[in-house]
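Thanks for asking me to look this one over.

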Amino acid sequence: MVLPDIFDAGEFGLGLSAVELEPFTDCPANAVFFDGFYAGQDGLPVKIPNVVCVFEKYAGGVAWRHTELEIPGEDIREVRRDVSLVIRMVSMVGNYDYIFDWEFKTSGSIKFKVGLTGILEGKSTMYTHTKDIKEDIFGTLVAPNTVAVNHDHFLTYYLDLDIDGQQNSFLKAKLKKKKNHRDTPRKSYWTVVKETAKTELDARLRLMEPAEYLIVNQNKETEVGNQVGYRLIPGPDAPPLLAADDYPQIRGVLSAYNIWVTPYNRSEIWAGGLYSDRSRGDDTLEVWTDRNRDIYNMDIVLWHTIGFHHNAVQEEFPIMPTLTGGFELRPANFFDRNPILLMRAPEAVKVPPPCNATVP
């Protein structure tokens, strides 16, 4: 899998904005740090020290557990700790700092988290109290004469998933309510109706209905016949609030859908075009997918857009406490059974007896 433009300072789009990480604060004491490089405006490599950190994380989570109470005279309880590997990088874009985490779990899941923090974008105003405001100030009065303006954050991730090979398909598993016509007290139930996208426009969607979204290899099966795959557990949805013909939306059309799927093309890397800040909307993810190319049973790329509409509050002024969101790529019949079933339980740590010595 190719990580999106947040992992390596030298290869991905946020390298110019990447910043050095602070040991013990940006990353825990057990972290290992790596330097990164990006191409400067003169083409020469520029080094950023300690730009990526890697560490093992255990924060008290549970990987799996079960308590068995149905066997008379037996008290059976098994619990395993949830330990994962985290790769972290921070980029400063304007007034915001973005904290990017890739978390690799022993279960085979890959979780992504982004943290938003930094200084709110503000503007001056003549108002010192909300009772005096008689017009739309396009934000929140967070201090006398200071408005934090309304704004959006959209991040699109390029996920080149090769599930047990390159011949993959995008599958939408809709969760449907069904009426029960049998002679039972139950009046309804729900079932799964699977739809395989054949073209790009089939796959373009917003998260509007109960469904699961999968990349599967329809040529490979588990022992009992399920197609091997990975499921996307989507991140936060923020439908665009701008008019479709407004120039920021034309440039940021990647926010129009949460999920896009394209055939792999090495020239199609940047969802907003190569020069997104100068874009006229002629080289974007929407332009590519409007070709409606075939995406069935072939090498495909999943693009996932997550978003945040931000109407600021006073607690976020002047420095915003970190707001987080993210998504997960979770195995879906990729393994024949729970891959961490045989994980060992942690050994008990012997705590030394308390010291009863007194200090004179």
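Which residues line the largest cavity?

1. In this predicted model, the lining of the largest cavity consists of Leu161, Phe170, Tyr213, Leu214, Ile215, Tyr230, Arg231, Leu232, Leu302 and Leu329. Two strands, β14 (211–221) and β15 (227–233), each contribute at least two residues to this lining. By class, the lining has nine nonpolar residues, no polar ones and one charged.

2. On size, the volume of the largest cavity is about 40 Å³. Searching the whole structure turns up one cavity of 30 Å³ or more.

3. Now to the rings: there are 13 aromatic pairs. One of them joins tyrosine 98 and phenylalanine 100, which are stacked, with 6.2 Å centre to centre and 10 degrees between the planes. Tyrosine 98 and phenylalanine 100 are both buried.

4. Tyrosine 157 and phenylalanine 327 make a tilted pair, because their planes stand at 55 degrees, with ring centres 5.4 Å apart. Since tyrosine 157 belongs to strand β11 (residues 151–159) and phenylalanine 327 to strand β18 (residues 319–332), this pair ties together parts 170 residues apart in sequence. Tyrosine 157 is buried at 1% relative accessible area, and phenylalanine 327 is buried too, at 4% relative accessibility.

5. Finally, two charges over rings. Arginine 81 places its charged end over the ring of tyrosine 58, 5.3 Å from the ring centre. Lysine 198 has its charged end over the ring of tyrosine 296, 5.0 Å from the centre.

Technical notes: Residues are numbered from 1 along each chain as its sequence is written. This is a predicted model: local features need pLDDT of at least 70, side-chain atom pairs count only at pLDDT 80 or more; totals for chains, interfaces and linings use all residues. Side-chain values use heavy atoms; hydrogens and water are left out. On a 1 Å grid over the protein atoms alone, a cavity is a set of points where a 1.4 Å probe fits but cannot get out, and a pocket is an open set with protein on both sides within 12 Å along at least five of seven lines; lining residues have an atom within 4 Å of a point. Grid points are joined across faces, edges and corners, and a volume is the space filled by probe spheres set on the points. Helices (H or I, at least four residues) and strands (E, at least two) are DSSP runs, numbered from the N terminus. Ala, Val, Leu, Ile, Met, Phe, Trp, Tyr, Cys and Pro count as nonpolar, Asp, Glu, Lys and Arg as charged, and the others, Gly among them, as polar. Rings of Phe, Tyr and Trp (its six-membered ring) pair if their centres lie within 6.5 Å; planes under 30 degrees apart count as stacked, over 60 as edge-to-face and the rest as tilted. Buried means under 20% relative accessible area, exposed over 50%, partly exposed in between (1.4 Å probe, protein chains only). A charge sits over a ring if NZ of Lys or CZ of Arg is within 6 Å of the ring centre and within 35 degrees of the ring normal.
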